[in-house]
Amino acid sequence: MQIYGPGLVSGSVLGGQFSTPTSAVGFAGCLRLIDPVPLQALWAPVHGAHTFISRTGTLSALASAPTAGRVVIGGEDITSIGITSYRSDHASESDRPFERLDEKRDEGARLRAILSRAWRLLSPKYRDQLAARVQLLASELQDEESGQVPSTESLVQLLAFLLSNPSLHYPDIVLTPDGYFRAEWHRSRDRHLAVTFLPSGEVRYIVFAKRPGVRLSWPLAQVDRLSGITSIDRLLSLLVPLGVHRWIEG
Amino acid sequence: MRGTKVPDTDHVVRHTKRSNILPTGRVSAVAFMLRPSMPDGKPEEYLSVNWLEHLHPADTDTQMRMVRDEFAANLRLSRSQKLLRLNVGTTTRNVAEKMEDGRHISVHHAELPTSPSHSGVYDCRPDEEMIAELIAETVIGIYDAIAAPPS
């Protein structure tokens, strides 16, 4: 189970976890999960455990590791990162909250299909709530005369983010006018984080964060209000200096 | 061309879908976001709202009844949809105080043939997402888009 340099793995998988030993000295690498649709790409550093879902059920991964390590996908070791095929058992039909749907029928069906694939991986604490919320958002948008449809790629990014960060509180989830999923963690007017998931794997974020320990006569100056665009895997580390993790994790 | 400036003392409502009112009762900023492209392909220029004092100078019940009639004439409404009420001065001041560039958004009458009270919140770009957050902070009332039937 050694990784020797860059390589390609491919196979059929609906979702799973990959992990590498954090104790591996000098281990630094990347695993890039790419659905056949180029928009669906997720870079994740191969260090610790990460969870992913596949939008289409077919997955390709590019791995790069300058030193030895171990990769497990879908509960199976990837035996070598030369060229390897693998399959992962995924949720049975009975595990899925929705019946199989023709993804081309409509966007609502595609969203439900994506949720079905992620079902087994999502936290039981909020997966019912999440499924109901996505259903509501999709049905509302389809009722509108704008013809706007929710972005399935954006939903995949949101799910991947939630799966990769299981300690986060469950957020409020809304849809932007451009059809992207937006997660909002709101404690108060000065503790607010909103993250819009773009199909590219980037996120637009807005954060209002009260500065700890700052006492100024002008109360507004005690709150940082920042916005920006970053990659999905960098977002939380970017927000650490603002203390955001103290109120979005639990 | 922008119409009459709506005075700071006056009020406007913004129509939104129910999912933008979160379970806690908080209004999500997406209720105040501009659409990136309109049917003509151009980005939305201003945020559509309706000017309540244009319909009646003071009585809120009359204002809400009349504005609901306007929406009903133009949109396919459902009871779950909502109207968000704002005070113009409070909203514009909140944005000006909290935006780094001291942005002065403004509300102007933009009458339509089927919507005499139709107005627009202008100068929300750039940073329209941040401005939407600051507008959402100032909602002072949430009303059903269709009045509940008398019990």
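Reply: A definition first: buried area is the accessible area, taken with a 1.4 Å probe, that two parts lose on being put together, summed over both. On that basis, and bearing in mind that this is a predicted model, chain B and chain A bury about 2300 Å² between them, with 52% of it on carbon and sulfur atoms.

Me: ok, and how many residues of each chain are in contact?
Reply: On the chain B side there are 22 residues, and they are in contact with 28 residues of chain A.

Me: how many salt bridges across the interface?
Reply: The rule finds five between chain B and chain A, and one salt bridge joins the side chains of Arg26(B) and Asp172(A), at 3.2 Å from N to O. The interface also has twelve residue pairs in polar contact, both residues being at pLDDT 80 or more.

Me: which helix supplies the largest share of chain B's side?
Reply: That is helix 4 of chain B, with four residues, and the side of chain B that touches chain A divides into nine nonpolar, three polar and ten charged residues.

Me: switching to the sheet, what's the strand order?
Reply: In chain A the five strands of this open sheet run 10-11-12-13-14, with antiparallel pairing; strand 10 (172-175) and strand 14 (223-231) are the edge strands, each pairing on one side only. The twist averages 15 degrees from one strand to the next.

Me: and what packs on it?
Reply: Helix 4 (residues 128-136) of chain B does, touching strands 11, 12, 13 and 14 of chain A, and its direction makes about 40 degrees with that of strand 13 of chain A.

How values were computed
Residues are numbered from 1 along each chain as its sequence is written. Chains are lettered from A and ligands numbered from 1 in the order in which they are written. This is a predicted model: local features need pLDDT of at least 70, side-chain atom pairs count only at pLDDT 80 or more; totals for chains, interfaces and linings use all residues. Side-chain values use heavy atoms; hydrogens and water are left out. Two strands pair if DSSP finds at least two bridges between them. Helices (H or I, at least four residues) and strands (E, at least two) are DSSP runs, numbered from the N terminus. Axes are lines fitted to C-alpha atoms, for helices over the stretch in contact, and angles run from 0 to 180 degrees between N-to-C directions. Contact means heavy atoms within 4.5 Å. A salt bridge is a side-chain nitrogen of Lys or Arg within 4 Å of a carboxyl oxygen of Asp or Glu. A polar contact is a pair of N or O atoms within 3.5 Å; within protein, one must be able to donate a hydrogen and the other to accept it, and residues adjacent in sequence count only if both atoms are side-chain atoms. Ala, Val, Leu, Ile, Met, Phe, Trp, Tyr, Cys and Pro count as nonpolar, Asp, Glu, Lys and Arg as charged, and the others, Gly among them, as polar.
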